[in-house]
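Hi,

Here is the structure I said I would pass on. Have a look at it, and then read my notes below.

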Amino acid sequence: MPGTIRIGTQGWNYDAWVGPFYPTGTRAADYLSIYARAFGTVEVDSTFYAIPAVKTVRGWAGRTPPDFKFALKLPQEISHENRLRDSASIAELFYDRARELGDKLGPILVQLSPDFAPTELPALAAFLPTLPRDLRFAVEFRQRGWIHDGILALLSEHNVALALVDARWIPRKQMLALASRPTADFAYVRWMGPNRDLVDYSRVQVDRSREIEQWSQVLWAISERVKTTYGYFNNHFAGHSPASARELQRLLRQTPVEPDQLGEQMSLF
């Protein structure tokens with residue numbers, strides 16, 4: 001049986017989405033609960049900057065349905081400041097906080113710095129065995145030199161996914177090809193876009209239909225090899241990530257929840 005494909009966005013807390021996605025008049029405190037009516041997963045960027053309080057994490061869980069999944073980014077203190085070294089205590093604190101989500105916890109993304117070069121392989125090789133087995137992890141590299149058979153084998157040894165990223169660091173063609181070689185029993189995909197020029201997140205401003213079509217075909221193939229695929233759109237990919245996510249959902253023969261449907265649901269309360 002093909003695996004599950006979960007499509008969502010990177011974050012939910014965008015005021016520019018009120019009107020085009022969230023119903024007009026939606027309060028920031030209600031963003032997540034409304035988001036969760038449209039998508040079954042989200043990537044949380046805020047955990048990259050600080051470990052959230054227990055109350056915050058439990059609040060996320062409480063505002064989402066039972067089958068919702070949160071992907072969390074590993075704190076930058078571990079990945080960027082300490083460069084995967086000497087981080088046992090802060091890592092354990094973060095893992096314990098992540099476990100507060102219970103069954104709603106999806107993968108943890110280890111996003112490496114653009115200047116984390118292949119010469120730092122010993123740090124990665126020492127870090128991977130420390131990852132707790134009850135959690136799932138994906139690693140995102142931002143240098144092409146990391147992508148080779150040895151790294152794929154290392155990740156596979158620890159059931160850690162290679163994050164497939166549509167961005168400027170590694171050519172799309174190479175990432176699409178890597179999809180056929182999963183290193184874990186799940187897959188993790190991020191659509192970032194080539195640059196940060198887009199600042200209006202209320203509407204699609206770049207036609208990415210061709211790229212989304214390419215990825216839809218790849219996701220079908222991935223789903224034959226892994227249990228679950230998690231995919232997240234950034235606003236910078238095309239301008240308005242909820243619309244990009246819905247476009248991919250349609251190509252995957254999923255049934256997107258349109259913004260006007262969210263408005264109708266609001267009127268029921």
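Let's start with H158, which is buried, as its relative accessible area is 15% (buried means under 20%, exposed over 50% and partly exposed in between, with a 1.4 Å probe and protein chains only). You will find H158 in the loop between α6 (149–157) and β6 (161–162); helices (H or I, at least four residues) and strands (E, at least two) are DSSP runs, numbered from the N terminus. Leaving out residues up to four places away in sequence, H158 touches L128 and P129, where a contact means heavy atoms within 4.5 Å.

Some housekeeping before the rest: this is a predicted model, in which local features need pLDDT of at least 70 and side-chain atom pairs count only at pLDDT 80 or more, while totals for chains, interfaces and linings use all residues. Residues are numbered from 1 along each chain as its sequence is written, and side-chain values use heavy atoms, with hydrogens and water left out.

**The core and its rings**

The largest nonpolar core has 90 residues, and W12, F70, Y95 and F141 touch the most other members. (Such a core is a set of buried Ala, Val, Leu, Ile, Met, Phe, Trp, Tyr and Cys residues joined through side-chain atoms within 4.5 Å.) What does W12 touch, not counting residues up to four places away in sequence? The list is W17, Y22, Y31, L32, Y35, V42, V44, W60 and F70.

W12 also turns up in a cluster linked by ring pairs, together with Y14, W17, F21, Y22, Y31, Y35, F39, W60, F68, F70 and Y201. Rings of Phe, Tyr and Trp (its six-membered ring) pair if their centres lie within 6.5 Å; planes under 30 degrees apart count as stacked, over 60 as edge-to-face and the rest as tilted. By this rule there are 24 aromatic pairs. Take W17 and F21: their ring centres are 5.6 Å apart and their planes are at 90°, so this pair is edge-to-face. Both W17 and F21 are buried.

Y31 and Y35 of that cluster are also among the buried residues of α1, along with L32, I34, A36 and A38. That makes α1 mostly covered, with six of its eight residues buried.

**Pocket and cavities**

The largest pocket has a volume of about 460 Å³. Of the 27 residues lining this pocket, Q10, G11, Y14, D45 and S46 are the closest to its centre. Two or more lining residues come from each of α1 (31–38), β2 (41–44), β8 and α9 (235–238). By class, the pocket lining has 12 nonpolar, eight polar and seven charged residues.

On terms: using a 1 Å grid over the protein atoms alone, a cavity is a set of points where a 1.4 Å probe fits but cannot get out, and a pocket is an open set with protein on both sides within 12 Å along at least five of seven lines; lining residues have an atom within 4 Å of a point. Grid points are joined across faces, edges and corners, and a volume is the space filled by probe spheres set on the points. Ala, Val, Leu, Ile, Met, Phe, Trp, Tyr, Cys and Pro count as nonpolar, Asp, Glu, Lys and Arg as charged, and the others, Gly among them, as polar.

How many cavities of 30 Å³ or more does the structure hold? There are two. The largest cavity has a volume of about 80 Å³, and β6 and β8 (186–193) each supply at least two residues of its lining. Nine of those lining residues are nonpolar, one is polar and one is charged. The second largest cavity, at about 30 Å³, is lined by R168, W169, M192, G193, N195 and R196.

**A few single residues**

V189 sits in strand β8 and counts as buried at 0% relative accessibility. Its contacts, again without residues up to four places away in sequence, are L164, W215, L219, T229, Y230, G231 and Y232.

Last, the loop between α3 (76–81) and α4 (88–99) holds R83, which has a positive phi of about 55° although it is not a glycine. L84 lies in the loop between α3 and α4 and has a positive phi of about 70°, again without being a glycine.

Cheers
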